[in-house]
Each structure stands twice: as C-alpha cells, then as structure tokens.
Amino acid sequence: MAKREILHIPDSRLREVCAPVEKVDDEVRAILDDMLETMYDAPGIGLAGCQVGVMRRLVVIDVAGREDEEPSPIYLVNPRLTVVSDELSVHQEGCLSIPEYYEDVERPARCTVEFLDRDGKPQVMECEGILATCVQHELDHLDGRLFIDHLSRLKRDRVMKKFSKIDRRKTETVG
Ligand code: NI
C-alpha cells in the first residue's frame, strides 16, 4: 500500500466526471487500498478516486472514526444512489480537497446505494446519519461535484477565491 497525494481545489480534475470501472481486479483493489491508507492518514472518513487523480468511480469510506473503534472500511465501486428520502437533515461537512473549511449542508437524511464491493460482488447498503451524508458527499465527487456546490453562491465564491490565492502562491514559489 502507498499513500497518494490528495488534490485540492481549484485542481480541474475535481470537476471531472469519473469513468465506470469495467472489472474489479487486483489493479483496482491496489488503488482502493492506497485510497484507504491515504484517507486514514489524512485523516478523513471518505475519499473518492478523483481526489487522488484516479478518474474512476471508486470510493472508500470508514465512519467508525474514533481511535478506540475497530476500523470498518467500506469499498464502493461504481456506486449508484437508488433511493433518497424526502426527509432532509443537516450535517457539518468538510472535504480533504478543501482543507480546513467546514459548513452545514442539507441533504436527504437516508439513502440506498448499490455498488460492487472489493471482490466485485454487487451489494446494497441502506444508509442514515453520518454514513448517508458521507455516501452522498463522495458520490458527488464522482460527478465532479463538491460540497461547496450545495452552499450559497456567495459562500462558494469566497472559498474558491481563497484557495485560488493559495494555489497561485504555490506556483510562484515553485517558479
Ligand atoms: Ni470531499
């Protein structure tokens, strides 16, 4: 396993639509393992392929979170939301591609996701609470959407501007 570099906004790869995975083979499993290691190291509770420059429909999630809990990783290949509840809930979200920025986001409180697991077997998972939020946040990534897209235009413009400045500084330092 190897840690990969996490892309930050305004990297254009975070705005692309990821391609479906044709077959869950050892190469895909190796990417999933790298993604999980990268996510744990960050630390975060979810990571999508495009966040490490892998433009495929791959997601890893572990909402167990606390250090005293056993890790319980979930690997999602080609995930698809099949049901979302009418009931909404608000959770504070952050994103490893938008460091140190947190805002409340309203999303469906429950959802059902169909996906292939690490062995390529079809699975159905019903989600609520933080898992439902996390699944929807990560699936957004696969279609080039970020959680800031759910905020007001004013807030989104403000955060994009802040990160564009940081990005320019980095370029200038490099030369
Ligand atoms: Ni994110």
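Predicted model: local features only at pLDDT ≥ 70, side-chain atom pairs only at ≥ 80, totals over all residues.
Colleague: Is the peptide bond from Ile-9 to Pro-10 cis or trans?

Modeller: The bond from Ile-9 to Pro-10 is cis, and its omega is near 10°. Pro-10 belongs to the segment before helix 1, the helix that spans 26-41.

Colleague: What is the omega of the bond from Ala-42 to Pro-43, and where does Pro-43 lie?

Modeller: Omega is near -10° for Ala-42 to Pro-43, a cis peptide bond. Pro-43 sits in the loop between helix 1 and strand 1 (46-48).

Colleague: Now phi. Is the phi of Asn-78 positive or negative?

Modeller: Asn-78 is not a glycine, yet its phi is positive, at about 50°. The residue is part of strand 3, residues 74-84.

Colleague: Is Asn-78 buried, partly exposed or exposed?

Modeller: Asn-78 has a relative accessible area of 22%. Buried means under 20% and exposed means over 50%, so Asn-78 counts as partly exposed.

Colleague: What is the phi of Glu-100, and which strand holds this residue?

Modeller: Glu-100, also a residue other than glycine, has a positive phi near 60°. Glu-100 is in strand 5, which covers residues 98-108.

Colleague: Is Glu-100 buried or exposed?

Modeller: Glu-100 is exposed, because its relative accessibility is 70% and the cut-off for exposed is over 50%.

Terms used: Residues numbered from 1 in each chain as written. Heavy atoms only, no water. Helix = DSSP H or I, 4+ residues; strand = E, 2+ residues; numbered from the N terminus. Buried < 20%, exposed > 50% of the residue type's maximum accessible area, 1.4 Å probe, protein only.
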